[in-house]
Amino acid sequence: MISVAGIAVAALTFSLSACGKSDSGGGDKGVGLAFDVGGRGDHSFNDSAAKGFDKAKADFKIGGKDLTAKDGDTEADRYEKLASLAEAGYNPVIAVGYKYNASLAKAAAKYPDTNFAIVDSVVDAKNVTNLVYTENESSYLAGVAAALKSKSHKVGFIGGTSSPLIKKFAGGYKQGVLDTDPKAKVDVQWVAPDEKGFGMPDKGKDIADGMLSNGVDVIYSAAGGSGAGAIEATAGKKGAWSIGVDSDQYNDPGLAKYKHTIMTSAIKNVDVSVYEFIKSVVKDKKPLTGTQAFSLKDGGVALTYTGGFIDDIKPKIEAAKKDIIDGKIKVTDTYKD
Amino acid sequence: MTSHDTAGASASWLRRIDKERVVLAVAAPVLALAAAFLVTALVLVATGKEPFNAFSVMFDYGVKSDSMIYIANKATTYFLAGLAVAVGFRMNLFNIGIDGQYRLAAFFAAAVGGALNLPGFVQIPLIILVAMLVGAMWASIAGLLKVYRGVSEVISTIMLNSLATSLITYLLVDGRLGVLDKSTNVISTEPLPSSSHFFTIPTGSGLDPVWGFIVIAALAGIGFWFVLGRTRFGFDLRAVGRSESAAQASGVNVKRMVITSMVLSGAMAGLVGMPTVLNDTHMFTADFPSTVGFTGIAIALLGRNNPVGIALASMLWAFLERGANRLEFEGYDKEIVGVMQGVIVLCVVIAYELVRRYGLKRQQQRVGAELAAQAKKQEVAA
């Protein structure tokens, strides 16, 4: 009896589903954007991309759709996100994160009339714009600031995971510290061996606590959501400073409680570059092409002075910045233990 | 004469398939699916969305030709994961370590494949062999710990998953077994030479091909059925699963069975990453699909550790995931499919238990009725 009812329900479900409508796209619908794992609300680079995306939608009065990657996504899943956006008529289509590299290359070949962009990676195709950043340069400045502000000559770095991208942050930071204070010790730790390390604030807090009890008094985290835990831990210790990442974390409403200990942030203006790219396609009708590197020189990456905590060392930071721009300082783009 | 014999044989064959048992066997998953859809519909209604439209979006999209290809390819991976879990389940071993086993296996297999450049007919079997060996070795650690130190395989395999992740992260570095492309930020093993790409089945212009590894998966399914269902070894394995002490009493070496089945489960897990490595990415990247091992647990449960059931379950899972991507596109929360998957597993467990109890009751009633009838007959005869 129960099974009969079960079958009836199943049959009903499927017969009802048969008369639904199927979406068929076409036309210009606005901007399509595919987030990396974490998506909106990661207090980090997805949020930064979202900011540029939302601003462009409002400014140019266009529609848009965003999709978010999840753990366990395969190439086919990533390709499907990009392809379904292009297929439905979204143009441009932006992929946030280097993971989209292979799937974007495939989608760009399949939809040659759509303008694509990828954040943090390079795809060699006519209709793809690569938005890349010199995170190592801003991290170098963060290192300079950390070395000048540290009283114990011990500073820390917490990376989400030891991926090539995060090693750019770590390498630049370490070089900045040691160029400024050769005697300083840099404690580098990774939250997790895989991408999960960007979403573990509790683990970020644990690592920061460990560093602080070893005498570290400045901690720079490039660890997405895990960084919030490190900032919280640092705020609990008198005289210790945090350095924020990607966006100006002093202004992050979610971190307002700790902002008096966020001495600066090494920002990466994903929002600006995403906005500029959308503008170039939608408004100027002349898409930015090739690889667009956002560096210290053009403000694509920078160190913030919000809060005024590092105003006293501003001349030294600005001097280092000038040396990097002039090419007098070559900042490494990777980190080795 | 002969025709009479065959008729008699087919009649007995028919008798052996108890109609009621077939109905009951089909009823359980159908019931579970229906209940899962119902619960999901309620969740959708509770979040203020119209449920039947969501189902129609999933269904319409799921039957498109490119979706079918996606489902076939994804189900290949899931099927192998389900089989790997089922090997352990059949003898009451809970191998949660499939996840670490297949990633480590795929990593080393891809590294070996990238380092060599032999003709495909040598190198492809070699890559597969390396994967199965690595998977088997990683799983055997848990087997040995269980047999000689009494460590629960649930605990040890979970820990081995973390160790596998750390080991891969340690080795997948520029200068060790990794190759870094600084412009793309992608780190991977050396790509396989094109001679080591597995064959694909073309499906038409503009469409992705179906991965040839589906053939190997099918063979693995047949092998699973044969070894577990038709050999002395399989009988022993299932016997240990039913009752360790009874198996021991009948002369089965339980310790050896534990290690052997962990090794088999791990070797099967080694195959899980192969469709991706040989047919799709042709290398192991830092973002190699993870958590497939856990999906395999759900699929083995859903498929009742039976190869056909696992095949159907893996296709259903792939179908749901395809639908999830579309639901997100249509503005639904893509998490709704996660809810659906969870509810399906729960419902399956409950439905099987309900159906089992119902079947038991029916059987008792029938036996009771037959006994009563017999007693009556005897009374009449007397």
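Which residue in strand 7 of chain A does G159(A) stand opposite? G159(A) stands opposite W190(A). Before I go on, please note that this is a predicted model.

Strand 6 of chain A covers residues 154–159, and six bridges join strand 6 to strand 7 of chain A. The two strands run parallel.

Both belong to an open sheet in chain A. That sheet has six strands, in the order 7-6-8-9-10-12, and the pairing is mixed. At the edges are strand 7, residues 185–190, and strand 12, residues 301–303, each of which pairs on one side only. On average, neighbouring strands of the sheet are turned by 15° against each other, with direction ignored.

Next, the contact between the chains. Chain A puts in 36 residues and chain B puts in 38. On the chain A side, three helices each supply at least two residues: helix 1 (2–17), helix 3 (75–87) and helix 6 (164–180). Which helix of chain A gives the most to this side? Helix 1 does, with 10 residues. As for the kinds of residue on the side of chain A that touches chain B, there are 13 nonpolar, 13 polar and 10 charged.

Now to chain B, and a pair of helices. Helix 13 is made of residues 292–302, and helix 15 of residues 335–381. They pack at an angle of about 35°, and their axes are 9 Å apart. The crossing of these two helices of chain B is left-handed. From helix 13 of chain B, the residues in the contact are A298(B), L301(B) and L302(B). They meet Q341(B), I344(B), V345(B), V348(B) and V349(B) in helix 15 of chain B. By kind, the residues of this contact come out as seven nonpolar, one polar and no charged.

Where is it placed? D208(B) is in the loop between strand 3 (200–201) and strand 4 (210–211) of chain B.

Why does D208(B) count as partly exposed? There are 18 other C-beta atoms within 10 Å of D208(B). A residue would need 20 or more to be buried, and 12 or fewer to be exposed, so D208(B) falls in between.

Leaving aside residues up to four places away in sequence, D208(B) touches D66(B) and I69(B).

Definitions and conventions
Residues numbered from 1 in each chain as written. Chains lettered and ligands numbered in written order. Predicted model: local features only at pLDDT ≥ 70, side-chain atom pairs only at ≥ 80, totals over all residues. Pairing = 2+ DSSP bridges. Helix = DSSP H or I, 4+ residues; strand = E, 2+ residues; numbered from the N terminus. Axes fitted to C-alpha atoms, helices over the stretch in contact; angles between N-to-C directions. Contact = placed C-beta atoms within 7 Å. Nonpolar A, V, L, I, M, F, W, Y, C, P; charged D, E, K, R; others polar. Left-handed = near helix turned anticlockwise from the far one by under 90°.
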